[in-house]
Amino acid sequence: MKYIIKDVGFTSLDKEYNILDSIRKKNESLVFYRCDTKIHELSEEAYNNLKEEYFEGYCNDTIGLSLEEHLQIKLLIINFLVKNKLLQYMRPIGISQADEYYKNMVDNCFDMYHYNFVDKIKDIIMNIAYDSESPYRKNFINKRILYHNNYYLDEEGINKVVFTNIWYMPNDVAEILYAMKEEAIYSGIITDSSNPFDYSATSFCKVETADNYDLYISTKDNEKLNTNTWNIIEAYKWKILIV
């Protein structure tokens, strides 16, 4: 059975958690999904689209890179430009002058160079930015991973794909609420975490709509929602559709 709980986005995460918690049994946990596609697993179209997004973000300083990653990109780009005799960087100049010159190139999206060279610069940025990990990923998700597999989760449920994904389990209510907040449009499964991955498990997925968010729940083996869950939904005055 698939249930769509309408317009949950303008209430608190606590209420969304109460719905998910009411569905799981005593031996079950909430396990969250995160796409973890490797760069070599991307299609050519996906790679090129992301490359353009990262390049624009880099030029506009809107992607969340660490100082070390920014420096790594900068050095790789400068070395590439010098190697191809596109930047007369070998003459002695001060660090502040070099930084200002580089900033000017970035601000102008390297438009003084031929397209082929700019495309190589985009590849450099893509390779560093794509593998960049947020503090949430490094300090929270990576320490709680249960499964690496080829299963993907969206509002249609659990499906198998060719790329890699991860599933991680927060340890308590506070961590679950933290994960829901950080993921924003979160998704996952309700399962006995001591067992292997269950591709038929009850799943949940928060989905953005035109003006709000809906919560999709697909139950295992077409199981119906229990009375407690229905009572909570009614208490919150949420509308629910059964698909």
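## The cavity and the sheet

The largest cavity has a volume of about 30 Å³. A cavity here is a set of points on a 1 Å grid, over the protein atoms alone, where a 1.4 Å probe fits but cannot get out, and its volume is the space filled by probe spheres set on the points. The model is predicted: local features need pLDDT of at least 70 and side-chain atom pairs pLDDT 80 or more, while totals for chains, interfaces and linings use all residues. Residues are numbered from 1 along each chain as its sequence is written, and side-chain values use heavy atoms, without hydrogens and water.

The lining residues, which have an atom within 4 Å of a point, are L153, D154, E155, S203, F204, C205, Y216, I217 and S218. They divide into five nonpolar, two polar and two charged residues. The strands below each supply at least two residues of this lining.

| β3 | 145–154 |
| β6 | 202–208 |
| β7 | 213–218 |

Strands are DSSP runs (E, at least two residues), numbered from the N terminus. Eight of them form an open antiparallel sheet in the order β3-β4-β2-β5-β6-β7-β1-β8. Because β3 and β8 (240–242) stand at the edges with a single partner strand each, one side of each is left without a neighbour in the sheet. Two strands pair if DSSP finds at least two bridges between them. The strand β3 pairs with β4 (residues 157–168) in the antiparallel sense over eight bridges; the bridge partner of I145 in β4 is Y168.

Conventions. Helices (H or I, at least four residues) and strands (E, at least two) are DSSP runs, numbered from the N terminus. On a 1 Å grid over the protein atoms alone, a cavity is a set of points where a 1.4 Å probe fits but cannot get out, and a pocket is an open set with protein on both sides within 12 Å along at least five of seven lines; lining residues have an atom within 4 Å of a point. Ala, Val, Leu, Ile, Met, Phe, Trp, Tyr, Cys and Pro count as nonpolar, Asp, Glu, Lys and Arg as charged, and the others, Gly among them, as polar.
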